Amino acid sequence: MNLQMMPIPKIEPGRPAVVLAPMDGVTDPAMRALLSELGGLTFCVSEFVRVSQTVPGVKVFRQTVPELATGGCTQAGLPVQVQLLGGDPDRVAAAALVAVRAGAQAVDLNFGCPAKTVNRHDGGATLLQHPDRLHAIVATVRAAVPAHVPVSAKLRLGWEDMNAIHVNAERAAAGGADWITVHARTKSQGYRPPAYWQPLGAVRARLGIPVVANGEIWTVEDLKRCRDVTGCAHFMLGRGAVADPTLAQAAAWELGVPGARSVAAVTKTPAWWLGLLERFAALSAAFGRPPRPIACRIKQWLHLADRAGGLSWFDAVKRIDGLTELLDRIRALAASPLTAVDEPAYPRSAAAPNGSTILLGLSPSSPARLRPQGKR
Ligand SMILES: Cc1cc2nc3c(=O)[nH]c(=O)nc-3n(C[C@H](O)[C@H](O)[C@H](O)COP(=O)(O)O)c2cc1C
């Protein structure tokens with residue numbers, strides 16, 4: 001792989017984009033690898049790397065974001081932006097520099113995490129109550145990393161007050177953020193629907209840097225409504241992109257992202273899911289995850305997919321703990337004349353849809369550098 005030629009994670013005015021959201025414990029390296037093979041995404045954002053009392057070293061970044069060892073891209077060539085979470089401007093800036101030394105091509109700053117432990121320790125959404133500190137973090141990071149490395153900020157609408165987005169967005173832009181992503185809810189609103197997209201339109205119109213809209217986009221219809229309300233051309237998909245692995249492709253097609261392909265509507269039967277789940281299991285094993293936790297992740301995934309309904313067969317597998325047993329049960333369901341319809345989502349042969357076969361040679365005993373760090 002020619003590392004000089006690798007694309008970098010970047011939002012540009014006038015170029016629509018579909019970004020995979022950072023989701024700690026969900027969009028891990030295996031999920032990023034799989035979704036990037038399916039297509040539609042412009043880039044991914046990594047799960048956050050926490051910067052608390054000490055500055056994480058290169059090793060931490062390479063464990064958390066194994067893509068850094070391959071030019072900052074997944075094996076299918078999709079760029080991954082590294083996300084940092086912390087409240088001390090100098091330490092976060094020092095960490096950003098380490099991330100760049102480790103291979104990061106772009107840095108995102110997390111000002112949205114609602115977790116109590118994170119907020120108690122001065123990170124994530126708590127900074128939305130302190131626009132000047134938020135500004136100082138963005139500006140210090142911007143000044144520390146080379147000019148060609150994009151720096152972005154991911155915000156919520158506010159801590160409790162949705163109007164806080166106006167001042168926080170302005171402070172992030174003044175600090176030198178190349179773009180901001182806004183999860184259209186306050187910290188107090190947690191993840192409860194709806195998302196409040198309305199304020200994003202005014203922020204986008206005033207700001208002068210791109211605004212990436214995020215929150216409650218589960219279907220292309222949601223995306224269109226969000227676009228109508230906000231006027232945004234850039235979108236971040238979180239749970240929706242995982243619940244429906246075809247959503248990113250459909251969104252890219254709707255937005256006219258160059259190279260996007262149209263996707264047929266499908267009924268998501270066991271036969272449709274099976275190849276995807278097998279591939280995810282193989283990728284997770286290649287990244288060093290043991291079988292039981294892989295089975296947990298698969299059930300977590302199907303549970304999320306079932307949110308929209310239509311996965312009645314999930315009931316038949318949700319209490320199975322062993323990976324082999326779980327996949328065997330889904331294979332049996334896929335072979336059953338009662339449930340086996342539709343084209344498989346993923347070819348059950350050696351090649352990924354984009355022709356990439358690079359990761360297929362990996363096994364559970366693959367090199368340690370591909371292993372993600374244990375949970376933060
Ligand atoms: C399980 C989970 C983990 C998350 N982890 C992160 C994270 O590490 N960094 C971050 O900025 N946002 C994180 N988020 C927030 C998402 O990036 C996104 O803003 C949110 O889920 C709303 O988008 P959605 O409605 O499309 O899912 C997380 C969300 C979930 C559900």
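Trainee: At what angle do helix α5 and helix α6 pack?

Mentor: Keep in mind that this is a predicted model. Two packed helices are described by the angle between their axes and the distance between the axes. For α5 (residues 131-144) and α6 (residues 164-174), the axes are 8 Å apart, and the angle is about 25°.

Trainee: Are α5 and α6 roughly parallel or roughly antiparallel to each other?

Mentor: The angle between α5 and α6 is about 25°. Angles under 35 degrees count as roughly parallel. So α5 and α6 are roughly parallel.

Trainee: How many residues in the contact of α5 with α6 are nonpolar?

Mentor: Look at who meets whom: α5 brings P131, L134, H135 and V138, and α6 brings V167, N168, R171, A172 and A174. Two of the contact residues are polar and one is charged, while the nonpolar ones number six.

Trainee: What do the eight strands close into?

Mentor: Follow the order β1-β2-β3-β4-β5-β6-β7-β8, with parallel pairing.

Trainee: Which strands does α6 lie across?

Mentor: Helix α6 runs at about 170° to β5.

Trainee: Which elements give two or more residues to the shell around the ligand?

Mentor: There are 22 residues around the ligand, and A21, P22, H183, G238 and R239 come nearest. The elements giving two or more residues to that shell are β2 (43-50) and α9 (239-243).

Notes:
Residues are numbered from 1 along each chain as its sequence is written. This is a predicted model: local features need pLDDT of at least 70, side-chain atom pairs count only at pLDDT 80 or more; totals for chains, interfaces and linings use all residues. A residue is near a molecule or strand if its C-beta atom, placed from the backbone, lies within 6 Å of it. Helices (H or I, at least four residues) and strands (E, at least two) are DSSP runs, numbered from the N terminus. Axes are lines fitted to C-alpha atoms, for helices over the stretch in contact, and angles run from 0 to 180 degrees between N-to-C directions. Angles under 35 degrees count as roughly parallel, over 145 as roughly antiparallel, 65 to 115 as roughly perpendicular and the rest as oblique. Two residues are in contact if their C-beta atoms, placed from the backbone, lie within 7 Å. Ala, Val, Leu, Ile, Met, Phe, Trp, Tyr, Cys and Pro count as nonpolar, Asp, Glu, Lys and Arg as charged, and the others, Gly among them, as polar. Two strands pair if DSSP finds at least two bridges between them.
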